[in-house]
Amino acid sequence: MRRIATAVAAASTMTLSLAACGTLGVAGDGSEASPTKGNDITVGLLLPETANTRYDKFDYPIIKNKVQELTDKQGKVVYLNADADAAKQASQLQKMIDDQVDVILLDAVDAHAIADGVQKAKDAGIPVIAYDRLAEGPIDAYVSFDNELVGEVQGRTLLEAMGGTDVDSADKIVMMNGSPTDPNAKQFKAGALSELNGTVTIAKSYDTKDWKPENAQANMAQAIRSIGSNNIKGVYSANDGMAGGIIKALKAAGVTELPPITGQDAELDAVQRILTGEQYMSVYKSYPQEAESAAEMAVAKVQGRDIQFDSLTQDQVDSPTHKDIPALLVPVVALTKNNIEETVLADGIYQLSEICTTRYKAACLAAGLDK
């Protein structure tokens, strides 16, 4: 993926801000929307799976509420989830085309396989905005996070947890990457490798089918048998769900002092694991900002508000099939025990009472999170 953006890291939270440069250009034949629609619009939302709780808990309701806000409660969102089944998502996309929705927000299960469906939508005059994952085909725009920077933040923070400048290049780590059908996973991996290669020894690396925690657990069990639990000094996990599976495998092998383990998505379980020290970090991505921006892009596209649409898409990316796709890349933050209050609590992702349940009360108090 090509980025036209500048990353600025703030030392305390590792917040990465992105500013665009260059000339914007909208990909695809349907880039110049005609202002023929009012507020009575239908947004089709296709999300990829349910293993990650964020889609049902955050993305869908935030997009739905924002569309209603932007359309004086006249617009609606039709939501379908593919449950990690690419064929099912293709059928769902075809249904939305048949139902003549006005615009589609697509988070692809398989970015390559969905390209024909994206072309069908384009042929039907329906704009498609790739959401969270960069789908192939003639998409009109893309909204997500800077995925290589996500991987860089994960890799950099893992090295810091392992000793920073004192890390021994002979120290062995395991890499638990995401699904090979998800283009984001490839970018996370590339970003992480840019930090890890040559600094530590990557003893085992796995591409984890469907991002499933149970698959990560099985992979980790195999890595432990091969490397030996005492020889694993750190684990790169591409997301929080897999981190949970990794921790189960380590505990099943009798490991009591867990190595630093990364994650992504700031899931509630992961935040609590970070408080207790079972997981070292996660990557917090502002789902409200991503989801609300996607809703704004969809409504602006349908209503022909080109100036607003262009202002929302000041980055550019390339997919394997199209170049110079207008994009919005949202900042990311390395979430550790030290900045829970400034991230997920400040943004209202969780309430303090959700995090600091009875089981985690002592850990919360130790971290300065008082009820």
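Between which domains does the largest pocket lie? Domain 1 (42-146 + 286-331) and domain 2 (147-285 + 334-367) both contribute to its lining, so the pocket lies between them; the domain bounds come from an automatic or database domain assignment. This is a predicted model, in which local features need pLDDT of at least 70 and side-chain atom pairs count only at pLDDT 80 or more, while totals for chains, interfaces and linings use all residues. Residues are numbered from 1 along each chain as its sequence is written, and side-chain values use heavy atoms, with hydrogens and water left out.

**The largest pocket**

- The largest pocket holds about 390 Å³ of space (a volume is the space filled by probe spheres set on grid points, which are joined across faces, edges and corners).
- A pocket is, on a 1 Å grid over the protein atoms alone, an open set of points where a 1.4 Å probe fits, with protein on both sides within 12 Å along at least five of seven lines; lining residues have an atom within 4 Å of a point.
- Of its 19 lining residues, G241, G244, E267, D269 and R273 are the closest to the centre.
- Helices α6 (213-227), α7 (240-252) and α8 (268-276) each supply at least two lining residues, and α7 gives the largest share, six residues.
- Helices (H or I, at least four residues) and strands (E, at least two) are DSSP runs, numbered from the N terminus.

**The open sheet**

- Three strands form an open sheet in the order β9-β8-β10, with parallel pairing (two strands pair if DSSP finds at least two bridges between them).
- β9 (201-207) and β10 (232-237) stand at the edges with a single partner strand each, so one side of each has no neighbour in the sheet.
- Strand β8 (residues 172-177) pairs with β10 over five bridges, and M176 stands opposite S237 in β10.
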